[in-house]
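Visitor: Please show me the model, and then let us go through a few of its local features.

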Amino acid sequence: MDVGNDNGLWNEYFDALEKRNYKKALSLIDKILESNKKPGVYVMKGRMLMTLGRCEEALKYFDEALKINPKYTLAYFLKGVLLLCLGRLEEAKGVFLKLLELERYDNIVAKYAVALTLRRLDEFDSALKLLDEILKEYPKSAITWAEKGEILYREGKLQKALECFDKALKINPKDYESLLYKGEILYKLGRFGEALKCFEKIVKKNDKDIRALMYITQILIYLGRLNQALEYTKKALKLNPDDPLLYLYKGIVLNKLGKYKDAIKCFDKVLETNPNLPDAWNGKAVALEKLGKLEEALECYNRALDIYE
């Protein structure tokens with residue numbers, strides 16, 4: 001990056017960066033820009049504004065850099081990343097495609113960025129084509145296998161997605177996001193024992209992963225391991241005490257354990273925040289019926305039916 005020779009100010013700038021004094025670093029960049037209008041300086045200011053969360057301003061400085069040097073690939077890349085983060089996907093797509101054009105389609109990072117943008121735009125076929133091009137050249141790219149797997153998962157092609165996540169995990173066994181996707185796919189395929197092993201690996205590494213805890217709870221309920229399921233709901237609720245879905249699971253487990261009064265408390269907790277959840281009305285109805293409160297149970301069953309209809 002060509003930023004000129006303002007050594008004294010640059011030394012102060014890098015010192016401010018090292019101390020994470022970003023406001024001072026920004027003011028120093030402004031001083032440098034007074035006498036140094038090189039595109040690299042504009043990019044540095046844009047990056048600093050990104051760090052400070054001033055994204056719209058940052059875009060202006062990447063544009064200034066590109067006015068001076070229309071082939072400045074770093075400015076294109078950072079602008080594209082910023083647009084992607086801002087959710088301005090069509091604009092990001094255009095920027096990354098321009099970057100690919102400048103790089104003559106040999107820039108793997110740019111290809112990946114385009115594929116990521118296309119995936120977020122639901123242009124899955126185009127995204128998969130680019131990912132396959134990357135994998136042809138770099139077959140051991142775990143992140144690319146994982147990205148391909150996510151697209152196939154979203155397309156409902158579960159077996160093909162599973163193969164991609166398996167390849168990602170073979171390359172990088174510590175890729176816990178891929179492991180989570182693998183567990184979800186196995187769960188949807190009804191392979192509960194294998195899915196449980198995936199989620200247990202995640203929890204062993206991070207016992208605060210709420211997604212894995214919730215899946216473990218669902219699988220244990222299905223397998224009839226109710227006391228274990230109850231313990232997992234308690235762990236999950238400690239992490240996320242306001243999640244109605246966790247109270248629903250806990251209520252289901254308590255119903256199956258015959259603890260109907262406690263189950264009703266859980267279903268009521270769900271219905272406080274989501275009165276249109278039929279499973280909660282149905283669970284409450286089951287508990288009330290078991291307690292002999294037939295009129296109240298019938299009312300709850302009817303509420304559930306009304307929602308289903």
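Guide: Helices (H or I, at least four residues) and strands (E, at least two) are DSSP runs, numbered from the N terminus. This is a predicted model, in which local features need pLDDT of at least 70 and side-chain atom pairs count only at pLDDT 80 or more, while totals for chains, interfaces and linings use all residues. Residues are numbered from 1 along each chain as its sequence is written, and side-chain values use heavy atoms, with hydrogens and water left out.

Visitor: Where is R20 placed?
Guide: Phi of R20 is near 60°, a positive value in a residue other than glycine. R20 is exposed, with a relative accessible area of 66% (buried means under 20% relative accessible area, exposed over 50%, partly exposed in between, with a 1.4 Å probe and protein chains only). Its place is the loop between α1 (7-18) and α2.

Visitor: What is the phi of D122?
Guide: Most residues other than glycine have a negative phi. D122 lies in the loop between α7 (108-120) and α8 (124-137) and is partly exposed, at 46% relative accessible area. D122 is not a glycine, yet its phi is positive, at about 65°.

Visitor: Within what arc do the buried residues of α2 fall?
Guide: Helix α2 covers residues 22-35, and its 14 residues reach 21 Å from first C-alpha to last, close to the 20 Å expected at 1.5 Å a residue (the expected span is 1.5 Å times one less than the number of residues). In α2, A25, L26, L28, I29, I32 and L33 are buried. Seen down the axis of α2, these residues line one face of the helix, because they fall within an arc (that of the directions from the helix axis to the C-beta atoms) of 160°.

Visitor: Which residues are exposed on the other side of α2?
Guide: K31, also in α2, counts as partly exposed at 46% relative accessibility. The exposed residues on the other side of α2 are K23, E34 and S35.

Visitor: Which exposed residues does α6 carry on the face turned away from its buried side?
Guide: In α6 (residues 89-102), the buried residues are L89, A92, K93, V95, F96, L99 and L100. They cover an arc of only 165° around the axis, which puts them on the same side of α6. The face turned away from that buried side carries E90 and E101.

Visitor: How many residues does α12 give to the lining of the largest pocket?
Guide: Helices α10 (158-171), α11 (176-188) and α12 (192-205) each supply at least two lining residues. Of the contributions to this lining, that of α12 is the most, at four residues.

Visitor: How many disulfides are there?
Guide: A disulfide is a pair of cysteine sulfur atoms within 2.5 Å. The sulfur of C164 has its closest cysteine sulfur in C198, 15 Å away, so they are too far apart for a bond. C164 is buried, with a relative accessible area of 5%, and C198 also counts as buried, at 5%. By this rule, the number of disulfides is zero.
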